[in-house]
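Trainee: Could we go through this structure together, one question at a time?

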Amino acid sequence: MIPKIWDWLTDPANWSGADGIATRVQEHLTYSLIVLGIASLIALPLGLWIGHTGRGRPLVSAANAARAVPTLGLLFALALWLGPRLSGDLAFTAPSIIVLVLLALPPLLAGAYAGVEAVDPATRDAARGMGLSDGQVLRQVELPIALPLLLSGVRAATLQVIATATIAAYVGLGGLGRFLIDGLAIGDYAATAGGALLVAVLALLVDLLLAGVVRLLVSPGLTGKQSRRRRVELSAAGLSPIADAT
Amino acid sequence: MTWISGHLGDIWRLTVQHAVLAAIPLVLGLIVSIPLGWAAARSRRLVPVALAGTGLLYTIPSLALFILMPLILGTKILDPVNVIVAMTIYTVALLVRTVVDGLGSVPSHVDAAARAMGLGAFRRLVTVQLPLAVPVIAAGLRVAAVSNVSIVSVASLIGVSQLGDLLVDGYNRDIPGELWAGIVGCLVLALLFDLLIQGLARLLTPWLRADSRSSARRLALADAPRDVGVAA
């Protein structure tokens, strides 16, 4: 079986064209980016606001509880209800996009909220004491400290979206899921397994990429990983690095 | 509604199959995660490696993992074992972190006391650390259970029967009643798993209940000018 899958993956004919692997990867990534963009615009400011003000916490719990709804059921219910009301390509893509956005909301919301919530109240007080306005406290203090948890929410949401976009091929969405769903429908295991491998690799690569982004964005003051030069400068100035003091 | 009343037998059969496909991996996953998490928690260097390793497994989308299982296990695509092993992998990915956190939540002076009483590593784990880690592990198990119940329904796409069949068939044949029966069935099952794990955790930690029952007494004691902090 493995040689057959290898043949399928390495056959140049499978890579090009409107239903080739290259197009499908591009579709998969485009849908995921659009969905994460929309979901982030909704959930991240909302999560930060809930964490900052402490208001609307039940919303986070409600979003978490909603995760018990089976994704497959949500997808089919919306496709069945919305599909006939739309025309053309939109009838296939819109229900999937909406479901994917809905699924990305809880992890994004929880990450942003938990990040701000976890900020040490003393740090917040110190920032206020230094004369920072409410907005400045959020942007300059809470957001950078919340970033690791916020970004872990983004990673979780991304994986969820990539995985569910695969399943959404069943209701007509493009992307790599087409190989899995169409392969299963016609009993072509080489294409099915080849597509499954590609999806797994794509998810893995995207997650590694995001892990790299997290390392770049998170302030060295939080991770304790200061550059060598900075450490030397600090000790030369008679100051021990913050990471060592704690 | 008429669809549901005419198919109660099918719904029950699929619900039982769904429960089995979600529950077995939960138990297997816990059995695998405890030694893994224990080994990881004992060495600081292993913790990030274990978490990263299991985290990678969790990134593989469910449908892809179901489809790839026959390649690894040598099973047939329709074999429910594929789903059980795949779900066990997800459960382990979620629970190893939980076990590490749970064992880490055991106060170090309690562990030191057990050590001073002459308990070996294994007996400390079974009689001291694991019981105290039950609340944290149960919380992780609840997350895994809810996630398992949802993911198992995807197995209908590879032809393994459970409540997901109602979703697929309801969608394919445009029967909203069937689709809703599947969704509600999954939700009820998730709720039952959640309640069951909470109940088991309660049974396993009688001292926590004793604490809450005597909280009035403890408050009264706290008012008294004596140092009761050690007992708390």
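This is a predicted model: local features need pLDDT of at least 70, side-chain atom pairs count only at pLDDT 80 or more; totals for chains, interfaces and linings use all residues.

Mentor: Residues are numbered from 1 along each chain as its sequence is written, while chains are lettered from A and ligands numbered from 1 in the order in which they are written.

Trainee: How many helices and strands does chain A have?

Mentor: Helices (H or I, at least four residues) and strands (E, at least two) are DSSP runs, numbered from the N terminus. From the N terminus on, the elements of chain A run α-α-α-α-α-α-α-α-α-α-α-α-α. The totals for chain A are 13 helices and 0 strands.

Trainee: And how many helices and strands does chain B have?

Mentor: Read from the N terminus, the elements of chain B are α-α-α-α-α-α-α-α-α-α-α. The totals for chain B are 11 helices and 0 strands.

Trainee: What is the radius of gyration of chain B?

Mentor: The radius is taken over C-alpha atoms, and the globule rule is 2.2 Å times the number of residues to the power 0.38. The C-alpha trace of chain B spans about 70 × 40 × 25 Å along its principal axes. A compact globule of 232 residues would have a radius near 17 Å, but the value for chain B is 22 Å.

Trainee: What percentage of the residues of chain A count as buried?

Mentor: A residue is buried if 20 or more other C-beta atoms lie within 10 Å of its own, exposed if 12 or fewer, and partly exposed in between, with C-beta atoms placed from the backbone. For chain B, with 232 residues, the buried share is 38%. For chain A, with 246 residues, the buried share is 41%.

Trainee: Which element gives the most residues to the side of chain B that touches chain A?

Mentor: Two residues are in contact if their C-beta atoms, placed from the backbone, lie within 7 Å. By that rule, 29 residues of chain B are in contact with 31 residues of chain A. The side on chain B has 21 nonpolar, 7 polar and 1 charged residues, where Ala, Val, Leu, Ile, Met, Phe, Trp, Tyr, Cys and Pro count as nonpolar, Asp, Glu, Lys and Arg as charged, and the others, Gly among them, as polar. With 7 residues, the element that gives the most is H9(B).

Trainee: At roughly what angle do H2 and H7 of chain B cross?

Mentor: Axes are lines fitted to C-alpha atoms, for helices over the stretch in contact, and angles run from 0 to 180 degrees between N-to-C directions. The residues of the contact of H2(B) with H7(B) divide into 12 nonpolar, 3 polar and no charged; among them are Leu21(B) and Ala22(B) of H2(B) and Ala144(B) and Ala145(B) of H7(B). The axes of H2(B), residues 8–42, and H7(B), residues 121–152, come within 10 Å and cross at roughly 140°.

Trainee: Is Ala165(A) buried or exposed?

Mentor: Ala165(A) is in helix H8 of chain A. Its C-alpha atom is 7.8 Å from that of Tyr31(A), 134 residues away in sequence. Because 27 other C-beta atoms lie within 10 Å, Ala165(A) is buried.

Trainee: Why does Leu73(B) count as partly exposed?

Mentor: Leu73(B) sits in helix H4 of chain B. Leaving out residues up to four places away in sequence, Leu73(B) touches Val81(B), Asn82(B) and Val85(B). Leu73(B) counts as partly exposed because the number of its C-beta neighbours inside 10 Å is 13.

Trainee: Near what value is phi of Asp174(B)?

Mentor: Asp174(B) lies in the loop between H8 and H9 of chain B. Asp174(B) is exposed, since 11 other C-beta atoms are within 10 Å. Its phi is positive, in a residue other than glycine, and is near 55°.
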